[in-house]
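Please brief me on the side-chain contacts in this structure. Keep it short and give the cut-offs.

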Amino acid sequence: VQLVESGGGLVQAGGSLRLSCAASGSIFSINVMGWYRQAPGKQRELVATITSSGMTNYADSAKGRFTISRDNANNTVYLQMNSLKPEDTAAYYCVLLGPITYWGQGTQVTVSS
């Protein structure tokens with residue numbers, strides 16, 4: 001299984017970015033996909049997850065600003081990030097949770113003040 005992320009970049013505070021993650025390979029149909037992030041010197045932390053049936057879970061820091069969605073037909077998960085803050089700066093990792101957990105390579109999001 002391979003997870004390929006895209007959509008990171010540099011944005012000013014208050015701006016928006018949309019991350020995408022496409023999964024390919026032998027994927028169990030019932031799974032959870034999501035996003036974690038890791039800032040320099042900090043532990044990797046949950047941002048949001050979504051089940052194959054569409055149930056979502058958000059970190060408190062993401063609630064009201066970020067929206068996770070997925071396209072099951074294409075095994076793709078998205079993270080729409082609005083009202084970005086400098087503290088959102090991190091490497092964002094896509095994850096697929098199933099019988100085996102897979103991680104993407106990460107995409108950098110930098111929010112300038």
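This is a predicted model: local features need pLDDT of at least 70, side-chain atom pairs count only at pLDDT 80 or more; totals for chains, interfaces and linings use all residues.

Residues are numbered from 1 along each chain as its sequence is written, and side-chain values use heavy atoms, with hydrogens and water left out.

**Disulfide**

- The count is one disulfide (a pair of cysteine sulfur atoms within 2.5 Å).
- Cys 21 and Cys 94 form this bond, with their sulfur atoms 2.1 Å apart.
- Cys 21 sits in strand β3 and Cys 94 in strand β9, so the pair ties together parts 73 residues apart in sequence. Strands (E, at least two residues) and helices (H or I, at least four) are DSSP runs, numbered from the N terminus.
- The S-S torsion of Cys 21 and Cys 94 is about -80°, so the disulfide is left-handed.
- Cys 21 and Cys 94 are both buried. Buried means under 20% relative accessible area, exposed over 50%, and partly exposed in between (1.4 Å probe, protein chains only).

**Nonpolar core**

- The largest nonpolar core holds 27 residues, and Trp 35, Leu 79, Met 81 and Tyr 92 touch the most other members.
- Two or more residues of this core come from each of β3 (17–24), β4, β5 (45–51), β7 (66–71), β8 (76–81), β9 (90–97) and β11 (107–112).
- A core here is a set of buried Ala, Val, Leu, Ile, Met, Phe, Trp, Tyr and Cys residues joined through side-chain atoms within 4.5 Å.
- In soluble globular proteins, nonpolar side chains tend to be buried together.

**Aromatic pair**

- One aromatic pair is counted. Rings of Phe, Tyr and Trp (its six-membered ring) pair if their centres lie within 6.5 Å; planes under 30 degrees apart are stacked, over 60 edge-to-face, the rest tilted.
- Tyr 36 and Trp 103 make this pair, edge-to-face at 5.3 Å centre to centre and 75° between the planes.
- Tyr 36 is in strand β4 (residues 32–38) and Trp 103 in strand β10 (residues 101–103), so the pair links parts 67 residues apart in sequence.
- Tyr 36 is partly exposed at 21% relative accessible area. Trp 103 is partly exposed too, at 39%.

**Charges over rings**

- Arg 18 lies over the face of Tyr 78, 4.1 Å from the ring centre.
- Arg 44 lies over the face of Tyr 93, 3.7 Å from the ring centre.
- The rule asks for NZ of Lys or CZ of Arg within 6 Å of the ring centre and within 35 degrees of the ring normal.

**Asp 88**

- Asp 88 is in the loop between β8 and β9. Asp 88 is buried, with a relative accessible area of 1%.
- The Asp 88 side chain makes polar contacts with the side chains of Arg 37 (2.9 Å) and Arg 65 (2.7 Å).
- A polar contact is a pair of N or O atoms within 3.5 Å; within protein, one must be able to donate a hydrogen and the other to accept it, and residues adjacent in sequence count only if both atoms are side-chain atoms.

**Thr 89**

- Thr 89 is also found in the loop between β8 and β9. Thr 89 is partly exposed at 22% relative accessibility.
- The Thr 89 side chain reaches the backbone nitrogen of Val 111 at 2.9 Å.
- The backbone oxygen of Pro 86 lies 2.9 Å from a polar atom of the Thr 89 side chain.
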